[in-house]
Number of protein chains: 2
Amino acid sequence: MPGVDDLEALRAVNQRYYEAFEASDLDAMSEVWERSERALCTHPGWSMLRGWGHIAASFMALFQSPGTLQFVLTELQPVVQGDVGWVSLDENLLGDDSGITVAVINLFTRRRDGWQMVAHHGSVVQATVGQMG
Amino acid sequence: MPGVDDLEALRAVNQRYYEAFEASDLDAMSEVWERSERALCTHPGWSMLRGWGHIAASFMALFQSPGTLQFVLTELQPVVQGDVGWVSLDENLLGDDSGITVAVINLFTRRRDGWQMVAHHGSVVQATVGQMG
């Protein structure tokens, strides 16, 4: 069973992802991620980006766009199994996208020097539910 | 490093998820999933469902709706790390939702009797990209 420290470390790196996003800090974002070919990132409505190169480019573009985002995270639930952990949560967006809720799963792997994000997948929660897949 | 057998077993259970979906077979779907409180499922546009009870109810509802879905899976990439595995892919939907592509990450954990799905997250790929999160 994972210990409290495991879950806290996972929460902490997950938090660093959002701090890097809010600060538009590509260096900090880069430290959060596993900079590998297998890294995966699906921004809401985007096609899946595969590999750190494409993911870094997406954050560079997002960070250059006007306006800032603030995330209020709710329903946050960390899980650790062996050297893999995942955090599910809702991103409640403030700012220009105010009122939007994004359902998210963030996936991490444990390295010698701590947890690194290997996948992020977010999708906007629609007010009316109907699509499937 | 995971062996070829690990990756094949992961591909196989991932395939069983889509076969169960296409067949509207709740029993088969139930066998694919880890029937636990930590199980997570985000259908495209839906809020995140937490716990097998809510997930099972969602599939029951989806399976009772008219029309059938066919999935053509592309960009499928399985990864195994320890007793956790994930499969990223695009679901290309045929049928009533023809033309829709859903970016997906499916997360599995290994049990004594094989892999079980612990999370599914799908989001429709929009033709125009712009949202972030």
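These legends go with close-up views of a predicted model with chains A and B.

**View 1. A salt bridge joins Asp6(A) to Arg110(A).**
The closest N and O atoms of this pair are 2.9 Å apart. The two residues come from distant parts of the chain. Asp6(A) sits in helix α1, which covers residues 4-22 of chain A. Arg110(A) sits in strand β5, which covers residues 101-111. Arg110(A) is partly exposed, with a relative accessibility of 27%. Side chains of opposite charge can pair when their charged atoms come close.

**View 2. Glu8(A) and Arg11(A) pair within one helix.**
This salt bridge has its closest N and O atoms 3.6 Å apart. Both residues belong to helix α1 of chain A. They are three residues apart, so about one helical turn separates them. Are these two side chains buried, partly exposed or exposed? Glu8(A) has a relative accessible area of 43%, so it counts as partly exposed. Arg11(A) is partly exposed too, at 36%.

**View 3. In chain B, Arg11(B) meets Glu8(B) in a salt bridge.**
The N to O distance is 3.6 Å. Helix α1 of chain B, residues 4-22, holds both partners. Three residues, about one turn of the helix, lie between their positions. Arg11(B) is partly exposed, at 36% relative accessibility. Glu8(B) is partly exposed as well, at 43%. How many salt bridges are there over all chains? The count is 10.

**View 4. Cys41(A) and Cys41(B) are buried cysteines.**
Cys41(A) has a relative accessibility of 0%. Cys41(B) also has a relative accessible area of 0%. A disulfide is a covalent bond between the sulfur atoms of two cysteines.

**View 5. Chain A meets chain B across an interface.**
On each side, 48 residues are in contact with the other chain. The size of an interface is often given as the accessible area lost when the parts come together. Here chains A and B bury about 3900 Å² between them. Carbon and sulfur atoms account for 61% of that area. Between the two chains, the salt bridge count is zero. Polar contacts do cross the interface: 14 residue pairs make them.
Which parts of chain A touch chain B? Helix α1 and strands β1, β3, β4, β5 and β6 each supply at least two residues. Strand β6(A) gives the most, with seven residues. By type, the touching side of chain A divides into 25 nonpolar, 17 polar and six charged residues.

**View 6. Ser30(A) is a buried serine in helix α2.**
This helix spans residues 26-32 of chain A. The relative accessible area of Ser30(A) is 17%. Buried means under 20%, so Ser30(A) counts as buried. Which residues touch Ser30(A), leaving aside neighbours within four places in sequence? Arg35(A) and Trp52(A) are in contact with Ser30(A).

**View 7. Ser58(B) is a buried serine in helix α3.**
Helix α3 of chain B runs over residues 52-64. Ser58(B) has a relative accessibility of 5%. Beyond its neighbours within four places in sequence, Ser58(B) is in contact with His43(B), Trp46(B) and Leu49(B). Ala28(B) lies 30 residues away from Ser58(B) along the chain. The C-alpha atoms of Ser58(B) and Ala28(B) are separated by 15 Å.

**View 8. Ser24(A) and Glu75(A) each have a positive phi.**
Most residues other than glycine have a negative phi. What is the phi of Ser24(A)? It is about 50 degrees, although Ser24(A) is not a glycine. Ser24(A) is placed in the loop between α1 and α2 of chain A. At 34% relative accessibility, Ser24(A) is partly exposed. Glu75(A) has a positive phi of about 55 degrees, and is not a glycine either. Where does Glu75(A) lie? Strand β3 of chain A holds Glu75(A).

Notes. Residues numbered from 1 in each chain as written. Chains lettered and ligands numbered in written order. Predicted model: local features only at pLDDT ≥ 70, side-chain atom pairs only at ≥ 80, totals over all residues. Heavy atoms only, no water. Salt bridge = Lys/Arg side-chain N within 4 Å of Asp/Glu carboxyl O. Helix = DSSP H or I, 4+ residues; strand = E, 2+ residues; numbered from the N terminus. Buried < 20%, exposed > 50% of the residue type's maximum accessible area, 1.4 Å probe, protein only. Contact = heavy atoms within 4.5 Å. Buried area = accessible area lost by both parts, 1.4 Å probe. Polar contact = N/O pair within 3.5 Å; in protein donor to acceptor, adjacent residues only side chain to side chain. Nonpolar A, V, L, I, M, F, W, Y, C, P; charged D, E, K, R; others polar.
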